[in-house]
Amino acid sequence: MVQCPRGTRDFLPDQLEKRRAYEGTLRSVARRFGFREIQTPIFEDAELFILRSGPNVLKELYAFKDKGDRDLALRPEMTAAVVRAFVNGMSNDPKPIKVFYFGQCFRYERPQAGRYREFFQFGAEIMGAATPETDAEAIAMAAFMIKSLGLKNYKMRIGHIGVLRQRIADIGVPKERTAEVLQKLDKKLYDEARPILKDMGVKDEDMDALFQLTETVGGTEVLSMVPGEAGDYLREVVDYLSRMGVNDVEIDLGVVRGLDYYTGMVFEAEAPVLGAEKQICGGGSYTLSELFGGEKVFSTGFAVGFDRILLAMEKEGIVYEREGIDAYVVAVSDEVRKDSFGIVAKLREAGVSADIDIMGRKLGKAMKSASTVCARYAVIVGAGELSRNAVTLRDMKSGEQCEVPIAELADRIRN
């Protein structure tokens, strides 16, 4: 039997309906915040992702040459593609530009719970400025999305990459090796970071102070420990968030995000129910457009790990209620079977979601089918009722039924 490739999945109708419903929730929130949808190709020039993340990204890329010998890659994430689209077609548009996107991404990595080689990402970008208002808007929307999905136990952590960058520079790390150190700090790999820093001549006490800084976590009182402009900036962000009703945030100077292009505020959302791999959302302020041939434009964005947040919801016991259809039409006998198809057609034309028994089942089995597809009503077509231009309408939940004129059937079901 041919199986789907490792790290990918089939989404059967029940699963896909649930995913589409939750995807719809995220889209609805984004539109409520004034964002508009953008869509980019599923594959791009491989150079796009190498420029963004460096040559090391090649080991995770699904990269290939096309028939024109061009180096292409399936997208491993979507921010780079969206910024490329901004440079190509939106850079002269009035700012800020607020866009959101949803789609599948691909990374060649070891599949595990909540992590796949083909995964789905929902994200948003605000392009045009790096201000406390912009950053607060992005964080507030991410928090609102998580709440709208019904997740109860989650934590929003906010930091400022400038604090760590400055400390790293102060202790003598060359600028070209800053990203290497930040990647270790992002994963809290202090034992791996220590020999790297020692090789650069960093003193042991400076290393310890750096590691301690990444462990600085707490409420708004931690802001007093954030020096200079970064501290003032974060205080402004937190103040805006408070005015927007987002108060359950944690200040964490160890939030790094592991990507070199972040320039200021960074944040992550995590769901403790997921254990060690608990991150469900992350983002921050950045500049990327100049890498792709555009002018330098400050932006703030974030991405929701759609698969991981659905896993967190499942672990919290959030149950999706299948939507079902409005009506299921059942013919009592072969005599009225063709008439029943005329009735289901009229319901569909009137905007009612309706299905019909096409297997020629007896009444009892056809009614079971109506339950299986979660129909709100069964429309029972019998010869006697048809002679009066009527049908029997049964409420599948209460079991109550009554005779309804066919001309009034669609309105009765809708109302």
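**Strands, helices and cysteines in a predicted model**

Tutor: In this predicted model, Asp45 has Leu72 in E4 as its bridge partner.

Student: How do you know that E2 and strand E4 pair?

Tutor: Two strands pair if there are at least two bridges between them. Three bridges join E2 to strand E4 (residues 71-74), so the two strands pair, and they run antiparallel.

Student: What makes E2 and E3 edge strands?

Tutor: The open sheet has three strands in the order E2-E4-E3, with antiparallel pairing. Strand E2 (43-45) and strand E3 (63-65) each pair on one side only, and they are the edge strands. From one strand to the next, the twist averages 35°.

Student: Why is Cys4 called partly exposed?

Tutor: Buried means under 20% relative accessible area and exposed means over 50%. Cys4 has 33%, which lies in between, and therefore Cys4 is partly exposed. Cys402, at 34%, counts as partly exposed because this value also lies in between.

Student: Which residues of H7 meet H8?

Tutor: Tyr190, Ala193, Arg194, Leu197 and Lys198 in H7 do so, and their partners in H8 include Met207 and Phe211. The contact residues divide into six nonpolar, one polar and four charged. The axes of the two helices come within 11 Å and cross at roughly 145°; the crossing is right-handed.

Technical notes: Residues numbered from 1 in each chain as written. Predicted model: local features only at pLDDT ≥ 70, side-chain atom pairs only at ≥ 80, totals over all residues. Heavy atoms only, no water. Axes fitted to C-alpha atoms, helices over the stretch in contact; angles between N-to-C directions. Helix = DSSP H or I, 4+ residues; strand = E, 2+ residues; numbered from the N terminus. Left-handed = near helix turned anticlockwise from the far one by under 90°. Contact = heavy atoms within 4.5 Å. Nonpolar A, V, L, I, M, F, W, Y, C, P; charged D, E, K, R; others polar. Buried < 20%, exposed > 50% of the residue type's maximum accessible area, 1.4 Å probe, protein only.
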